[in-house]
Amino acid sequence: MPNLYVMAKVKSKLGETQKAKNILTRLAANSEKESGCLSYQILCSSEETDTFMTLEVWDSKESERKHWDEPHLKESLKELEPILAKEPRIEKYQHTSD
């Protein structure tokens, strides 16, 4: 099966950037322990200090789908919800050769 690449753009409210960073960092560490997660990175925008991007690589669509059932993800999303400036933008990709 081809790998699945997921990018999620997350923008925090003013004054909530450090809290969002901490939640996302914990989310990445827990996600990398999941079966099927090949990589889960958190990047900070070099232009907008309140904006983050997750870069995720999953071994399959099925592994990424199971990720949404994980208690740690549900808890992280619950913590993030009140401190986000807007809904995260999630995009999913596969290699064109797959």
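Contact here means heavy atoms within 4.5 Å of each other. The views below show a predicted model.

**Figure 1. Packing of the buried residues of helix α1.** The buried residues of α1 pack against β1, β2, β3, α2 and α3 (71-80). Helix α1 comprises 15 residues (17-31) and spans 21 Å from its first C-alpha to its last, close to the 21 Å expected at 1.5 Å a residue. Its buried positions are Ala 20, Ile 23, Leu 24, Leu 27, Ala 28 and Ser 31. These residues cover an arc of only 135° around the axis and therefore lie on the same side of α1. In general, an α-helix has 3.6 residues a turn, so residues three or four places apart point the same way.

Figure 2. The strands are arranged in the order β2-β3-β1-β4, with antiparallel pairing. Strands β2 and β4 form the edges, each pairing on one side only. From one strand to the next, the twist averages 15°. Helix α1 packs on this sheet and touches β1, β2 and β3, its direction making about 170° with that of β2.

**Figure 3. Pairing of strands β1 and β4.** Strands β1 and β4 run antiparallel and are joined by five bridges. Within this pairing, Met 7 stands opposite Glu 91 of β4.

Figure 4. Thr 51 belongs to strand β3. Its relative accessibility is 4%, and Thr 51 therefore counts as buried, the limit being under 20%. When residues up to four places away in sequence are set aside, Thr 51 touches Lys 9, Val 10, Lys 11, Leu 43, Cys 44 and Ser 45.

**Figure 5. The salt bridge between Lys 11 and Asp 50.** The closest N and O atoms of Lys 11 and Asp 50 are 3.1 Å apart. Lys 11 lies in strand β1 (residues 4-11), whereas Asp 50 lies in the loop between β2 (37-44) and β3 (51-58), so the pair ties together parts that are 39 residues apart in sequence. Lys 11 is partly exposed, with a relative accessible area of 22%. Asp 50, at 18% relative accessibility, counts as buried.

**Figure 6. The salt bridge between Arg 65 and Glu 62 in helix α2.** The side chains of Arg 65 and Glu 62 meet at 2.9 Å, N to O. Because the two residues are three residues apart in helix α2 (residues 61-67), about one helical turn separates Arg 65 from Glu 62. Arg 65 is partly exposed, with a relative accessible area of 42%. Glu 62 likewise counts as partly exposed, at 36% relative accessibility.

Figure 7. The closest N and O atoms of Lys 92 and Glu 64 are 3.1 Å apart. Lys 92 is in strand β4 (residues 89-93) and Glu 64 is in helix α2, so this pair ties together parts that are 28 residues apart in sequence. Lys 92 is partly exposed, with a relative accessible area of 45%, whereas Glu 64, at 3% relative accessibility, counts as buried. Elsewhere, salt bridges that share partners join Lys 11, Glu 48 and Asp 50 into one network. With a cut-off of 4 Å between a side-chain nitrogen of Lys or Arg and a carboxyl oxygen of Asp or Glu, the count comes to seven salt bridges.

Technical notes. Residues numbered from 1 in each chain as written. Predicted model: local features only at pLDDT ≥ 70, side-chain atom pairs only at ≥ 80, totals over all residues. Heavy atoms only, no water. Helix = DSSP H or I, 4+ residues; strand = E, 2+ residues; numbered from the N terminus. Buried < 20%, exposed > 50% of the residue type's maximum accessible area, 1.4 Å probe, protein only. Expected span 1.5 Å × (residues − 1). Arc of directions from axis to C-beta. Pairing = 2+ DSSP bridges. Axes fitted to C-alpha atoms, helices over the stretch in contact; angles between N-to-C directions.
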